[in-house]
Amino acid sequence: MLQIGTKAPYFEGVDENGNTVKLSDFAGKKLVLYFYPKDSTPGCTAEACDLRDNYQRFLAMGYEVIGVSRDSAASHQRFIAKYELPFHLIADTDLTILKAYEAWGEKKMYGKVTEGTLRTTYVVDEKGVIIDAIGKVDTKNHTAQLLK
């Protein structure tokens, strides 16, 4: 994982609507940047819905929320529509952002070693510095982890 206190890696990606989203778009704001494995799977849905249910709290505290996965923009559109997600999701199909944020790598699932998305969340401050990093995400209570 990237270390707290380091500069967040620059990123540029495309959201569910085909719009370009860059780290610099959030200059002067705090950003919750969360990486998740797959749209519409149980854990990812629980995490997204927890963030959705608390989205107004994040906004009130000056935070924006952005999700990133390797799913396509079309998949993100369906996920957002189905669960009424109020934030954007970046389609990182070439893994550029996932790798820059060390959210792609080796993991064990059911005793089998595979390569995939490592569920990770970073909080980036107004100056682009990582101020929190969560590697063991509690999908159902992720907001509580972030606002501790």
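Two residues are taken to be in contact when heavy atoms lie within 4.5 Å. The structure is a predicted model, with pLDDT of at least 70 needed for local features and 80 or more for side-chain atom pairs, while totals for chains, interfaces and linings use all residues. Numbering starts from 1 along each chain as its sequence is written, and side-chain values use heavy atoms, leaving out hydrogens and water.

Overall, there are 5 helices and 9 strands, taken from DSSP runs (helices H or I, at least four residues; strands E, at least two) and numbered from the N terminus. Of the 148 residues, 49% come out as buried, meaning under 20% relative accessible area, with exposed over 50% and partly exposed in between (1.4 Å probe, protein chains only). The C-alpha trace spans about 40 × 35 × 30 Å along its principal axes.

Now for helix α3, residues 73–83. Here Ser75, His76, Phe79, Ile80 and Tyr83 are buried. They sit on the same side of α3 because they cover an arc of only 135 degrees around the axis, judged by the directions from the helix axis to the C-beta atoms. In general, an α-helix has 3.6 residues a turn, so residues three or four places apart point the same way. The cover over the buried residues of α3 includes α1 (42–53), β4 (63–69) and β5 (88–91). Turned away from that buried side, the other face carries exposed Arg78, Ala81 and Lys82. Just after α3, Glu84 adopts a positive phi of about 50 degrees.
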